[in-house]
Amino acid sequence: KSGIHGFGVFTKLPHRAGDMVIEYTGELIRAPVADRREHLIYNSLVEFKNHNIPLIGYPIKPLGQPSCSLCLGAGTYMFRIDDERVIDATRAGSIAHLINHSCEPNCYSRVISVNGDDHIIIFAKRDIEQWEELTFFSKDERLVCYCGFSRCRGVVNDIDAEERGTKLHVPRSELKDWQGE
């Protein structure tokens, strides 16, 4: 069981920084369909109790309001590829939909195109030990963060801070040709 939320996902094998860890799979849907599903699932699982924000597979507490026990554990698992397409793992998909957000994640996600098809791949951001919980930085909107790290930002969507911490710049003149492993 995760110390962050729910069951989480724990790795059976150690991973080195840069390793592909898992693919986030589910049903490929258009953004308007995702918005409608999210709203319908939210309405069917959670009583509104004066807060009107979507659940996105993460324990939420509306900012400035106390925790609602009805909200915990209910939700959808949507991962946006771009402005038009979303992977919905709410009903079917890989176990990757259970990976929790963290302000100090050990993984990151990228959209990778293979033969014209886009896939969401989770990579190791740093070396990950066996049985360590997998976490990544989620850009969901208006969610309170419960990761528990000392440098927790308090919200899930501090995108500016995440981008500052992950930008890597190497001048083109310093790049070397890859020689294989």
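A: Begin with what pairing means: two strands count as paired if DSSP finds at least two bridges between them. This is a predicted model, and in it β2 and β4 (residues 85-88) are paired in the antiparallel sense, over four bridges.

Q: In what order do the strands of the open sheet of three lie?
A: The order is β2-β4-β3, and the pairing is antiparallel. An edge strand pairs on one side only, and here the edge strands are β2 (27-30) and β3 (78-80). From one strand to the next, the twist averages 30°.

Q: What is there to know about side chains in a strand?
A: In a regular strand, side chains alternate between the two faces of the sheet.

Q: How many helices and strands does the chain have?
A: There are two helices and eight strands. Along the sequence they follow the pattern β-β-α-β-β-β-β-β-β-α.

Q: With which strand does β1 pair, and over how many bridges?
A: β1 pairs with β7 in the antiparallel sense, over four bridges. E23, for example, has I121 in β7 as its bridge partner. β7 is also paired with β6, again antiparallel, over eight bridges. There, V114 has D117 in β7 as its bridge partner. β6 and β7 form a hairpin with two residues between them, and N115 in the turn has a positive phi of about 50°.

Q: Which residues touch the most other members of the largest nonpolar core?
A: The largest one here has 18 residues, and Y24, I99, C107 and L134 touch the most other members. The elements giving two or more residues to this core are β1 (20-24) and β7 (117-124). Another core, of five residues, lies apart from it and includes I29, A31, M78 and V86.

Q: What does Y24 contact, leaving aside neighbours within four places in sequence?
A: Its contacts are Y77, M78, F79, I87, A89, S94, A96, H97 and I120.

Q: Is S102 buried or exposed?
A: A residue is called buried when its relative accessible area is under 20%. S102 has 0% relative accessibility, so it counts as buried. It is found in the loop between β5 (100-101) and β6 (107-114). A polar atom of the S102 side chain lies 3.0 Å from the backbone nitrogen of E104. Beyond four places in sequence, S102 is in contact with T135, F136, F137, C147 and F149.

Q: Why is G18 called partly exposed?
A: The class covers values between the buried limit of 20% and the exposed limit of 50%. G18 is partly exposed because its relative accessible area is 43%. This residue lies in the segment before β1. G18 and K125 are 107 residues apart in sequence, yet their C-alpha atoms are 6.0 Å apart in space. Not counting residues up to four places away, G18 touches F123 and A124.

Q: What can be said of the chain as a whole?
A: Of its 181 residues, 39% are buried. Among contacts between residues at least 6 apart in sequence, 64% join residues at least 24 apart. The chain exposes about 11,500 Å², and carbon and sulfur atoms supply 50% of this area.

Terms used: Residues numbered from 1 in each chain as written. Predicted model: local features only at pLDDT ≥ 70, side-chain atom pairs only at ≥ 80, totals over all residues. Heavy atoms only, no water. Core = buried A, V, L, I, M, F, W, Y, C linked by side-chain atoms within 4.5 Å. Buried < 20%, exposed > 50% of the residue type's maximum accessible area, 1.4 Å probe, protein only. Contact = heavy atoms within 4.5 Å. Polar contact = N/O pair within 3.5 Å; in protein donor to acceptor, adjacent residues only side chain to side chain. Axes fitted to C-alpha atoms, helices over the stretch in contact; angles between N-to-C directions. Areas by Shrake-Rupley, 256 points an atom, 1.4 Å probe, with all protein chains shown as cover.
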